[in-house]
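Have the viewer open as you read.

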Amino acid sequence: MTSLSFPSDAYVDGRWLESKTRFSVRDPWDGAEIAKVSDADDATVDAAIDAAVRAFPTWRATPGGERGKLLAKLAAAMEAEVDRLARVCTAENGKPLKESIAEVHYAASFFAWFAGEAQRSYGETIPATRADQRLVVIREPVGPCAMITPWNFPYAMLTRKLGAALAAGCTTVSKPAEQTPLSALVLAKLAHDVGIPKGVINIVPASDGARVGGRLVASRAIRKVSFTGSTEVGRAILEGAAGTIKRVSLELGGNAPFVVLGDADVDAAVAGAMIAKFRNTGQSCVAANRFVVEHSIAQAFTDKLAAAVRKLVVARGSDDKDLGPVIDDAAVAKIRRIVTDATAKGAKLIVGSLPEGSSRAIAPIVLTGITRDMAAWHEEIFGPVVALATARDETQAVEMANDTDAGLVAYLYTRDGQRQARVAEALEAGMIGINEGLVSTAQAPFGGIKQSGLGREGSRHGTDDYTNLKYMAIHHAATP
Ligand code: NAD
């Protein structure tokens with residue numbers, strides 16, 4: 001295997017900035033150190049903000065078509081180096097190589113999509129009530145933006161933001177998760193090489209996410225923060241942004257119900273469940289968290305799902321099997337707590353077992369008999385654990401599915417067209433997969449309702465959060 005290549009310093013104003021201290025990035029499989037990355041201090045963060053501020057006037061004035069061409073080049077550069085990029089992601093995140101390859105394609109698709117959107121920033125004209133007036137609305141970029149991203153999709157969560165921001169004419173300072181800064185730095189190098197002007201993209205890796213994230217959120221110069229991560233941190237960011245009244249977009253945690261109604265195609269539901277549950281070893285915000293299965297089909301669905309889960313193989317990401325390790329010891333502890341709580345309260349563990357000691361290789365688990373008093377019902381499990389509950393009928397299934405503060409995605413399996421429309425509209429979520437276990441795509445608006453977030457990423461709506469509407473009332477003489 002060829003050795004990994006990646007930068008390991010902050011990327012600020014088109015240059016690599018070394019800090020006085022460095023922090024370790026580790027392979028989640030065994031904790032082995034794979035890099036020591038510059039730990040951005042306050043001066044580095046401030047330099048990045050200054051660079052974004054200085055680059056903004058020129059970038060915003062660059063025609064959308066020109067910005068789009070650079071985004072298209074960046075997408076092509078990612079595609080040209082899929083394997084190298086994927087290996088960096090697998091090394092620091094632990095996911096199987098084929099999943100990292102899929103992520104690089106998915107991440108590049110946001111640059112490709114927003115390359116087009118950069119050319120389509122439409123305004124409007126509004127009929128005035130007076131003959132001597134014209135009302136014109138244009139869209140303008142909000143200004144320098146901060147992006148704070150999680151470790152579970154280190155490329156895609158960043159490109160989904162960067163693509164939209166750059167298309168809209170904003171400049172950026174990004175803080176990747178402390179577990180996975182290398183993918184973001186690899187991306188910065190590609191951006192540099194394709195000619196994205198200095199200061200437009202700045203990356204500040206840091207070991208203390210709260211310190212650096214907090215500094216970005218509190219900055220007067222930063223006009224918008226886009227965050228993907230946990231609901232708890234999202235709440236802190238929303239509060240922090242109040243001090244400077246800046247725009248905030250939040251892509252937060254989910255607690256997705258996977259509803260299987262009695263008339264569903266069981267094989268299709270099992271196939272969808274395997275994707276919705278086990279992609280990224282269950283560590284995805286759109287992971288199916290609670291399976292709500294109508295009583296009449298519960299046994300058949302459970303048997304087939306259990307059989308499919310038993311076949312899954314857990315291995316080091318570079319060995320490219322079905323599942324990788326979970327990200328860190330805290331993740332293992334959380335899964336252990338959730339599974340132990342469920343079995344103590346009466347759930348049955350029908351597949352798998354908790355690992356001995358602190359191994360991060362968790363063999364997938366299936367629990368039946370999940371009830372509402374269990375942590376598995378209320379919390380995002382974020383691991384390879386299927387939690388199955390049964391519902392009496394459609395009405396109860398919908399009520400159970402909506403019994404959460406989260407509202408990111410819901411999955412619905414039914415062959416009945418009437419039920420598809422009725423239940424999908426009753427489910428409280430920003431996205432619904434109908435007989436479909438994978439909803440994420442650059443063309444569609446990604447985002448949640450309730451406590452799963454604010455705003456949408458991707459799609460033709462993706463640039464909205466990075467623009468302000470400016471309205472001009474223009475007076476002119478009604479007669480010559
Ligand atoms: P996290 O909230 O712990 O961290 C996310 C980022 O926030 C990291 O970069 C971290 O350093 C930074 N951060 C931590 N404290 C901060 C603070 N006080 N101020 C500013 N920044 C701070 O989340 P995580 O563990 O990296 O990711 C997992 C979570 O992300 C899950 O809840 C998952 O559902 C969610 N997620 C949501 C989406 C979505 O699109 N809705 C996508 C992926 C992940």
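Predicted model: local features only at pLDDT ≥ 70, side-chain atom pairs only at ≥ 80, totals over all residues.

Contact here means heavy atoms within 4.5 Å.

**K224 and its surroundings**

Setting aside neighbours within four places in sequence, K224 is in contact with V142, P144, C145, A146, K246, R247, V248, S249, D465 and Y466. K224 belongs to strand β10, which spans residues 224-228. Is K224 buried or exposed? K224 is buried, yet it has no salt bridge. K224 does have a polar partner: its side chain and that of S249 are joined by a polar contact of 2.5 Å.

**Around the ligand**

There are 30 residues around the ligand, and T149, E178, S230, L252 and E380 come nearest.

| Residue | Protein atom | Distance |
|---|---|---|
| E178 | side-chain N or O | 2.6 Å |
| G229 | polar backbone atom | 3.3 Å |
| S230 | side-chain N or O | 2.6 Å |

On its own the ligand has 850 Å² of accessible area, and the protein covers 87% of that.

**A264**

Finally, look at the loop between β12 (256-260) and α9 (266-278), where A264 is found. Its relative accessible area is 4%, so A264 is buried. Leaving out neighbours within four places in sequence, A264 is in contact with I297, Y413, T414 and R415. L166 is 98 residues from A264 along the chain, and their C-alpha atoms are separated by 43 Å.

Key: Residues numbered from 1 in each chain as written. Heavy atoms only, no water. Helix = DSSP H or I, 4+ residues; strand = E, 2+ residues; numbered from the N terminus. Buried < 20%, exposed > 50% of the residue type's maximum accessible area, 1.4 Å probe, protein only. Lys, Arg positive; Asp, Glu negative; His and termini not counted. Salt bridge = Lys/Arg side-chain N within 4 Å of Asp/Glu carboxyl O. Polar contact = N/O pair within 3.5 Å; in protein donor to acceptor, adjacent residues only side chain to side chain. Near = heavy atom within 4 Å. Areas by Shrake-Rupley, 256 points an atom, 1.4 Å probe, with all protein chains shown as cover.
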